[in-house]
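Thanks for making time this morning. I would like to walk you through one chain and the way it meets its partner, so please keep the structure open while I talk.

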Amino acid sequence: MVLTIIIMAILIVFVFSLILVSYNLYASQNKNLASSRNSEAVNTLSMAIKGELTDENADTNSSLWKYLRTNVAYTPEQSDYTGFDGWKDWPYFDASGSDANHSEEKAFRYFTLENNPHIEGMPADVTVCMYWTLPLESDGVTEISEKTLFDRLSGDGNPKGVRLHVVIKAETGGQIYETEDVYRLTAKNTNTPEDIINVNKLFKNDSSYDVCEHYPNNLSEATPTVDLTEKWTWKYEGRK
Amino acid sequence: MEVRRKKVILHNRINHKGSTMVETLVSFVVLFIVLAALYNIVVFSSELYLRSVDTSRLQQKFYREIYKKDDKLDTSFITKTRYIKGFGGKFSDGTNTYEHAALTLTIVDDGTLPAGMEKSEIYLNNTEVTSYVCTEDNNGNGIAPKVVNFTFEK
């Protein structure tokens with residue numbers, strides 16, 4: 001009797017071990033599929049956004065570029081230094097954590113990638129997080145503050161070194177893949193204001209794409225208060 | 001002495017009683033059920049293993065294929081759909097059929113945004129998507145891979 005129970009117990013343990021191993025193999029294969037799907041989407045989206053930001057004609061045909069142009073380092077008091085109190089709307093990110101106004105909570109802007117119509121193969125959830133940081137000391141900016149950066153951004157016409165971080169994350173089937181790209185801002189003074197107000201025919205196939213919102217200024221309505229004599233370009237610095 | 005002799009006789013009677021036919025049959029039925037369950041588990045495990053091997057094989061084949069040019073793409077097991085930026089549904093250029101798709105980055109209102117910013121959305125004006133879906137499903141035993149590729153198009 002005892003011998004029978006022992007044999008049965010060994011058999012059952014063996015069989016359940018077998019099913020456990022097989023299931024783990026199967027589950028890991030499915031995770032692998034989801035992971036590949038995420039990485040493919042994130043890496044190619046990263047390249048597409050790089051194109052949107054660094055293309056030579058981005059200032060005229062990219063809504064994302066225009067959005068950043070009118071939001072990053074934007075200040076309502078740009079024409080009047082008196083009363084300057086920093087970038088209220090989209091503050092820069094300070095990784096030291098010493099300033100609550102420049103914490104992750106205040107400085108990170110999250111976006112979800114939405115598509116119309118539904119596209120087969122799209123990861124379940126794609127989010128893009130963007131934040132910007134002040135120049136580094138290695139950029140030649142010794143005194144880093146909002147006020148001095150503001151002066152320099154509208155001043156001598158050298159590259160300023162503001163960094164834009166774009167974090168792309170995709171999630172499917174419990175698997176997450178994430179990348180972070182860094183772009184460096186070059187701002188040069190020109191006498192000619194950039195013609196970014198006219199948002200015409202951003203999409204070649206449908207005029208309904210003309211309208212795009214650029215907080216705090218909808219460029220199709222009002223003259224933005226940003227300094228349009230600065231020629232902005234984003235240079236891709238690589239992955240963080 | 002007499003008592004001891006009776007006990008021995010009783011003991012011998014018990015030992016020689018044996019099992020009834022019903023008990024034997026029930027024992028065999030129970031044994032059969034247990035063995036059948038174990039057999040099914042082994043078969044199921046084997047199927048899971050084969051599925052994972054098939055999925056892996058199909059995944060490799062799929063990812064080898066999607067990077068090929070259109071004229072070399074094996075459409076016998078992959079459906080490729082290219083989505084052109086913009087609205088308007090499906091259209092054809094005479095040779096291929098395309099669909100329109102609008103991609104937007106829509107801001108997430110996490111409670112820290114300034115007032116009036118909740119609806120901000122940014123069109124990715126120059127970004128297009130291509131979808132690849134594997135139509136081979138290993139006779140219903142595997143999960144078909146599918147993936148999207150974003151491309152920057154001026």
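This is a predicted model: local features need pLDDT of at least 70, side-chain atom pairs count only at pLDDT 80 or more; totals for chains, interfaces and linings use all residues.

Chain B has 2 helices and 6 strands, and if you read from the N terminus the elements follow the order α-α-β-β-β-β-β-β. Among the contacts in chain B with a separation of 6 or more, 44% are between residues 24 or more positions apart.

Let me turn to strand β3(B). Within chain B, β3(B) pairs with β1(B) in the parallel sense over 3 bridges, and in that pairing Ile84(B) has His100(B) as its bridge partner. Strand β2 of chain B, residues 90-92, runs antiparallel to β3(B) and is joined to it by 3 bridges, with Phe91(B) partnered by Tyr98(B). The hairpin of β2(B) and β3(B) has 4 residues between the strands, and there Gly94(B) takes a positive phi near 100 degrees. β3(B) also pairs with β4(B), antiparallel and over 3 bridges, and here Thr104(B) stands opposite Tyr123(B).

Which strand of chain A is joined to β3(B)? That is strand β1 of chain A, residues 109-116, which runs antiparallel to β3(B) and is joined to it by 6 bridges. Thr112(A) has Thr106(B) as its bridge partner, while Glu114(A) is partnered by Thr104(B), the residue that stands opposite Tyr123(B) in β4(B).

Looking at the contact between the chains as a whole, 54 residues come from chain B and 53 residues from chain A. On the side of chain B that touches chain A, the elements giving two or more residues include α2, β1 and β3, and the largest share, 13 residues, comes from α2(B). By class, that side of chain B has 30 nonpolar, 18 polar and 6 charged residues.

That leaves the helices. Two packed helices are described by the angle between their axes and the distance between the axes. For helix α1 of chain A, residues 2-54, and α2(B), the axes come within 9 Å and cross at roughly 20 degrees; because angles under 35 degrees count as roughly parallel, α1(A) is roughly parallel to α2(B). The crossing of α1(A) past α2(B) is left-handed, and the contact between these two helices has 15 nonpolar, 8 polar and 1 charged residues.

Definitions and conventions:
Residues are numbered from 1 along each chain as its sequence is written. Chains are lettered from A and ligands numbered from 1 in the order in which they are written. Two residues are in contact if their C-beta atoms, placed from the backbone, lie within 7 Å. Ala, Val, Leu, Ile, Met, Phe, Trp, Tyr, Cys and Pro count as nonpolar, Asp, Glu, Lys and Arg as charged, and the others, Gly among them, as polar. Two strands pair if DSSP finds at least two bridges between them. Axes are lines fitted to C-alpha atoms, for helices over the stretch in contact, and angles run from 0 to 180 degrees between N-to-C directions. Angles under 35 degrees count as roughly parallel, over 145 as roughly antiparallel, 65 to 115 as roughly perpendicular and the rest as oblique. A crossing is left-handed if the near helix is turned anticlockwise from the far one by less than a right angle, and right-handed if clockwise.
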